[in-house]
There are 2 protein chains.
Amino acid sequence: MKTKLLALAASAAFFATPAAAQLGPGPCGGALACAADAALESDTIAWDFVEGITTEVGPRQAGTEAEKRGRDWAVQWLRANGFRNVADEPFRMETWVPGDNATARVTAPYAQDLMIVPLGNSASTGEAGIEAEVVYFPSYADLAAAPAGSLKGKIAFISHDMRPTQDGSGYGFAGPARWTGAGLAASKGAVATVIRSIGTETERTPHTGGTSFPEGVAPTPAGALSNPDADNLERMFARAGDTPIRMKLVLTPRSLGETTSGNVVGEVVGRDPSLPPVLLACHLDSWWNGTGAFDDGAGCGIAAAAALNVAKAGQPLRTIRVLFAGAEETGLWGSKAYSEAHIDELMAVGIESDFGADRIWRIDTNFAASDPELARELAQAVARFGVAPSREIATGGADLNIVRDQGGALVDLQQDGTRYFDLHHTNNDTLDKIDPAQLRQNVAVWTQVVGILANEPDAFGPAK
Amino acid sequence: MKTKLLALAASAAFFATPAAAQLGPGPCGGALACAADAALESDTIAWDFVEGITTEVGPRQAGTEAEKRGRDWAVQWLRANGFRNVADEPFRMETWVPGDNATARVTAPYAQDLMIVPLGNSASTGEAGIEAEVVYFPSYADLAAAPAGSLKGKIAFISHDMRPTQDGSGYGFAGPARWTGAGLAASKGAVATVIRSIGTETERTPHTGGTSFPEGVAPTPAGALSNPDADNLERMFARAGDTPIRMKLVLTPRSLGETTSGNVVGEVVGRDPSLPPVLLACHLDSWWNGTGAFDDGAGCGIAAAAALNVAKAGQPLRTIRVLFAGAEETGLWGSKAYSEAHIDELMAVGIESDFGADRIWRIDTNFAASDPELARELAQAVARFGVAPSREIATGGADLNIVRDQGGALVDLQQDGTRYFDLHHTNNDTLDKIDPAQLRQNVAVWTQVVGILANEPDAFGPAK
């Protein structure tokens, strides 16, 4: 009851500025621009969200009770901050959990424990583990070139390494080693696969993430070594010469079968709720090992802060809806479920934040050709925050399936990903990694962009 | 047998340059200076040692079979590199091991696992663990001020934080939280203690290290949280207000009783073996979690490389002895045993490397007052490597008990410790953290200093 009263009080305060004023002239070029500028200086909303969920909830593995606590926390936070129509929309999913033990010990010709985490969808070795000879592949292409059947009874080691890039494109080059490497090795007879982490730092922090096995290939145990451990294993191969290297691997993930997850939503209601809403997405789940600060507590904080900051500048024309998706990490379960449930409800535009909390450096849309004026307006409005326009076509974040399925408008506010893969899917994804100044720049850019889009009277989007 | 032949071949090569030439003029100012300059450019000996032991052995917890493998490896390496009189001198010690489980879960009012490692000499909670309310002390002084008996049944949390310093002096300010905090808390009734890691990084890497309990105080379980986890626990206290925070702690260290460790020694024999030798120390053991690259594989590599580089410039007057001490981390067992066994064998001077692998920036001696010319000669000889003289009195490294017990000469070649406590006693102490260029600078400075000392005909040392 207390929460509800707070919400009403807060929503009255939101709309103190007449709506008409928010795009007009005035100090800093209108109420919306002022709100964005103020966010750059002093927004605390995004930080409050990500500090709160990482402290009071922590890791939120998809489909587990921890994710449920995360949703409950988010529902309460949204209500306390004045969002309307807050709901936790349940869906069912197949739930994989990592289990308690993950060890990789080289047993011959040397003896040393290496740090490993299981990959999502990895099979279990059983508590007793498996021991086998390791076959070294410097890259994914080397594994692809291995003859059929050549890995029978062996553990494949794929050491494909990743380098940092601002736009995250390094993930596209290195990612397959994780996404499909274990399945490829299994199809050639491997009993298990260990990969060099798809990550760019040299810390003792293995990176998890989902892997998959092709139709007809039984899942095998699969894990990722930290970069220093992968370096060490490479050196062992260099020093051992022709002597085989053997490893004992213990990975104990298991399936919980079908469990319930959910998508948490909330709204800043627009002046004309009959117009399609602006959809701001992020995901609430994280892997089990980190606290989901960079991935993706920050994203939900940025989206929510932008919605509230726009509202402070005056009630927007369109409703702004935040979608804190569930179960993104283990297979976009929430994104798919949301599209399925709401496909008939047209969205005006989708924007997602799911690439950390470092500064936004580029804006992409998928309607620059069909709506050049709007695209230009957006780009000009965020130039003062150091954001450049581009000719890239926005494709939207992972949780925007509904907008893609509708063929709708998308905006990508590209964050600097140079250090994103230092932390991605590791235990080191914690609050201290977030730079409050860069987080505020995200909120400022989002406030400006969302404010313009939520006050756009006409339909817009890519050419159909 | 192969090793022995290699050793003989190598030792013949060492002394190819006539001894008299090594301090005289010539290119780069004599053979010794040339050897030091060459080390700066291209020494590979120190790297070979530390790469080898971290790759082929890995962690070397004092008193365990892993440390034994480390000694065997080092003996073989010393022989293969031409050292004479190589030996593994055994001693007995009380051996503590960390056990397999270390978890710290906040259970109320939030629920979240924090990353923890046991401290050396910690008692066990048993596999079932203990659960209790946590009492927060921002600093060691706050704990010291707590009334007697006030922690009865509680877990003490000492969050004393450490900042980086070039000279390592931050360790002196923050260290007591680890060295004696658990004992102090236990004396006030605490059932267990968790501390903020004595470390300067914000990675999810808790720092272990020894703790101790005063006479008459029964040891309790004691562990260190990583800095991000200590931050998180502090935030929980800030958010929970008056609601008690409870933690379930599982730490399962155990004692192995008395086991055997050893000190590994080897020599470059001097032209006059009747003169007291120059003693170059480091320690071969590491904690169980890291591979002992910075602490202290690098130190042994630097010492060994310097001895070999001096020999390359011509057989030195005095014997140079390397002492790779055992069981330093858990209580200087090797240093004490070595002093006890060899106290009657006078050492000319002791130098130790045990502060990582970053550049040497300062030279201290304990004989600047009694032997100002020699101290000046040393300082002038290393100025070209960016090493400054100082008025500080050298006190020697942990493994130089014998020299201190003899009241002998000491030289401290101070390394830049700015990032040392980012890695110290963590799983992140791995080879990749070593900068090869800075490692070579260490070898160059050591080569120059050891070469001068090993060719000093007169006795030198502090005033008695």
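Here is a short chat about this predicted model.

User: How well does the predicted model score on ipTM and pTM?
Analyst: ipTM comes out at 0.91 and pTM at 0.92. In chain A, pLDDT averages 94, and 94% of the residues score at least 70.

User: And where in chain A is confidence lowest?
Analyst: That's helix α1 (residues 2–14) of chain A, with a mean of 38. Strand β12 (residues 320–325) of chain A is where confidence is highest, at 99. Over residues 1–25 of chain A, pLDDT stays under 50.

User: Okay, new topic. How is chain B related to chain A?
Analyst: Turn chain B by 180°, with a shift of 0.0 Å along the axis, and it lies on chain A with an RMSD of 0.0 Å. That's the relation of a two-fold axis. The copies meet through the same surface, because 100% of the interface residues of chain B are also interface residues in chain A.

User: How many disulfides are there over all chains?
Analyst: The structure holds 4. One of them joins C282(A) to C300(A), S to S 2.1 Å. C282(A) sits in strand β11 (residues 278–283) of chain A and C300(A) in helix α10 (residues 293–312) of chain A, so the pair ties together parts 18 residues apart in sequence.

User: Are C282(A) and C300(A) buried or exposed?
Analyst: Both are buried.

User: What about C28(A)?
Analyst: C28(A) counts as partly exposed, at 40% relative accessibility. C28(A) forms a disulfide with C34(A), their sulfur atoms 1.9 Å apart. The torsion about that S-S bond is about 115°, so the disulfide is right-handed.

Notes:
Residues numbered from 1 in each chain as written. Chains lettered and ligands numbered in written order. Predicted model: local features only at pLDDT ≥ 70, side-chain atom pairs only at ≥ 80, totals over all residues. Heavy atoms only, no water. Least-squares fit on C-alpha atoms with pLDDT ≥ 70 in both. Contact = heavy atoms within 4.5 Å. pLDDT = per-residue confidence, 0-100. Helix = DSSP H or I, 4+ residues; strand = E, 2+ residues; numbered from the N terminus. Disulfide = S-S within 2.5 Å. Buried < 20%, exposed > 50% of the residue type's maximum accessible area, 1.4 Å probe, protein only.
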